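This report describes helix packing, the nonpolar core and selected residues of the structure shown below.

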Amino acid sequence: MEQYGLTLAVGIVVGVLARICMLRSDYRHFPGYPHGYVTHISLGFIAASLGAVAVPALVEKEFTAVTFLALAAQQFREIRNMERETLTQLEENELVPRGKDLIEGIARVFESRNYLVIAASLQASFITYFFDVKWAIISSAILIWIFMRYLATGRVVGDIAEVVPSKPYFGYAGYKTLLMIDEVVIMEVGLKEAREKILKESLGVIIKPKDDNARATLHNVGQRQAILHTVASLVGTKREIGELEWSPIARKNIDTGEIALFIVPNEPDIKALIQAVKLTPVLESARTTPLESRPGKMAAD
Amino acid sequence: MSNVTTIGDILAVIVLEEAKNKVAGGAPIFIVWDREEQEKLALLLSKILKAMAHDLENGVFILTRH
C-alpha cells in the first residue's frame with residue numbers, strides 16, 4: 001500500500017490544484033462566495049481522489065475499481081443539477097435574467113471542470129507511478145496551463161462580432177415614440193419624461209456578426225439574454241421593479257442579422273459598454289456552424 | 001415578484017374625451033380631458049400598476065406589462 005502513497009498524494013494535489021486554478025479563471029469569479037468555493041473545491045477533491053486511485057487500482061489488477069469512475073460521472077451530473085437549480089431559483093428575483101441558456105452553460109462548465117480534474121490527477125498519478133514525481137510536476141503544470149488557456153475559457157462575443165456604438169433615437173415611420181437604434185425598433189415609450197431621460201442617458205451598440213456562423217449564434221435568444229445579463233452586471237442598469245422603460249433590450253435587425261443593444265447604464269461610458277459586450281462568453285448551446293454544411297455554404301454566397 | 005396578470009395584458013386604458021368612442025372592452029378605461037392630464041395619469045398608473053405606458057398616438061394610452 002505504501003508504494004502508492006506518493007502516487008495518490010501527487011494525483012490528489014494536482015487535481016485539487018487544477019480545480020482551484022479553474023475556479024479563478026472566470027472573469028465573474030463565479031461562485032464569488034466562500035461557500036461556493038468550499039463546495040467546488042471539496043467536489044474537486046473527490047474528483048481528484050477518484051482520478052488518483054485509478055492507477056494503483058489498475059496496477060493491482062482491480063479492474064472493478066474502474067466502475068467507480070461511472071459513479072463519479074453520476075456524481076458530477078449531480079453537480080450540474082445543483083448549479084442549475086441554484087441559478088434557476090435566483091433567476092426569479094433577477095431584474096435582468098441570465099436566461100436558461102447561460103444557466104445551462106454555467107452548469108455544464110462546472111460539471112466538465114470536474115472531469116478535467118479527474119484527467120489531471122489521473123495523468124499525474126500515472127506519471128508518478130511509472131516515471132518520477134519530477135516529470136509528473138512538469139506534465140501537470142503543462143496540462144493545467146492548457147486547461148486554463150484553452151478549455152476553461154471559451155470564445156467570447158468579441159471573437160465572432162464587431163461592436164460599434166450607435167446612439168438611440170426616437171422616431172420611426174412617423175411615430176415619434178418609437179425608440180430606435182440604427183434601423184431596429186427597440187420599443188415604444190409612452191411617457192415624455194421617460195423619453196427625455198432615455199435620450200439623455202441611454203447608450204446603444206450594434207453587434208455586427210463577422211460571418212454567417214456568428215449571425216446564427218447571435219440569432220439565438222439565449223445568447224442575447226446572456227449578453228444583456230453580462231452587460232447589465234458590468235456597466236450597471238437603471239432597470240427597477242415596475243420601471244420597464246429602462247430595461248436593457250437586444251433586438252435583431254432582421255435583414256442583416258445585426259443585433260441592436262439598448263441599455264440605460266449607471267455610468268454612460270460607451271467604451272465600457274463595448275468591452276462588456278465583447279467579453280460575454282459565446283454559449284455552447286447557442287454556437288452554431290451553418291457554414292460547415294453544404295446548404296449553409298450555398299446560402300452564404 | 002408574483003405576476004397575477006399575463007404578460008401582454010392591457011391593464012388600463014387612458015383615453016381623451018374626444019377619442020372615447022375608440023375604446024371599449026375588457027380593461028378599465030379612464031377618460032381624461034386633456035393631454036396633460038392624460039400624461040400625468042399614465043405616469044401615476046404606470047407606477048401603481050408596475051406597468052409600462054404606451055402612447056398609441058390617437059388619443060389613447062395603454063398600460064401593459066412586459
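**Basis of the values**

This is a predicted model, in which local features need pLDDT of at least 70 and side-chain atom pairs count only at pLDDT 80 or more, while totals for chains, interfaces and linings use all residues. Residues are numbered from 1 along each chain as its sequence is written, chains are lettered from A and ligands numbered from 1 in the order in which they are written, and side-chain values use heavy atoms, with hydrogens and water left out.

**Chain A overall**

Chain A contains 11 helices and seven strands. Helices (H or I, at least four residues) and strands (E, at least two) are DSSP runs, numbered from the N terminus. Along the principal axes, the C-alpha atoms of chain A fill a box of roughly 80 × 45 × 30 Å. Of the 301 residues in chain A, 46% are buried; buried means under 20% relative accessible area, exposed over 50%, and partly exposed in between (1.4 Å probe, protein chains only). Contact means heavy atoms within 4.5 Å. Among contacts in chain A between residues at least 6 apart in sequence, 75% join residues at least 24 apart.

The largest nonpolar core has 30 residues, and those with the most contacts inside it are A:Val14, A:Met22 and A:Phe76. Such a core is a set of buried Ala, Val, Leu, Ile, Met, Phe, Trp, Tyr and Cys residues joined through side-chain atoms within 4.5 Å. Two or more residues of this core come from each of α1 (5–24), α2, α3, α4 (100–130) and α5 (133–151) of chain A. The largest share, 10 residues, is given by α4(A).

**Helix pairs**

Two packed helices are described by the angle between their axes and the distance between the axes. Axes are lines fitted to C-alpha atoms, for helices over the stretch in contact, and angles run from 0 to 180 degrees between N-to-C directions.

| Helix pair | Angle | Axis distance |
|---|---|---|
| α2(A) (34–59) and α3(A) (67–91) | about 165° | 10 Å |
| α3(A) and α4(A) | roughly 155° | within 8 Å |
| α9(A) (221–235) and α10(A) (270–278) | about 140° | 9 Å |

Angles under 35 degrees count as roughly parallel, over 145 as roughly antiparallel, 65 to 115 as roughly perpendicular and the rest as oblique. A crossing is left-handed if the near helix is turned anticlockwise from the far one by less than a right angle, and right-handed if clockwise. For contact classes, Ala, Val, Leu, Ile, Met, Phe, Trp, Tyr, Cys and Pro count as nonpolar, Asp, Glu, Lys and Arg as charged, and the others, Gly among them, as polar.

By its angle, the pair α2(A) and α3(A) is roughly antiparallel, and the crossing is left-handed. Residues in this contact include A:Leu43 and A:Ala47 of α2(A) and A:Phe76 and A:Ile79 of α3(A). The contact has nine nonpolar, two polar and one charged residues.

The helices α3(A) and α4(A) pack at roughly 155°, and α3(A) is therefore roughly antiparallel to α4(A). Their crossing is right-handed. Among the residues in contact are A:Phe76, A:Arg80 and A:Glu83 of α3(A) and A:Ile103, A:Arg108 and A:Glu111 of α4(A). By class, this contact has 12 nonpolar, two polar and eight charged residues.

The pair α9(A) and α10(A) is oblique, with a right-handed crossing. Here A:Ile227, A:Thr230, A:Val231, A:Leu234 and A:Val235 of α9(A) meet A:Ala272, A:Leu273, A:Ala276 and A:Val277 of α10(A). This contact has eight nonpolar, one polar and no charged residues.

**Selected residues**

The loop between α2 and α3 of chain A holds A:Glu60, which is partly exposed at 44% relative accessibility. Not counting residues up to four places away in sequence, A:Glu60 touches A:Gln3 and A:Tyr4. A:Lys61 lies in the loop between α2 and α3 of chain A and is exposed at 61% relative accessibility.

Most residues other than glycine have a negative phi. A:Lys61, not a glycine, has a positive phi of about 60°. A:Asp182 also has a positive phi, near 55°; A:Asp182 is in the loop between β3 (175–181) and β4 (184–188) of chain A and is partly exposed, with a relative accessible area of 31%.

In chain B, B:Glu39 lies in helix α1 (residues 35–48) and is buried at 14% relative accessibility. Leaving aside neighbours within four places in sequence, B:Glu39 is in contact with A:Leu191, A:Lys192 and B:Phe61.
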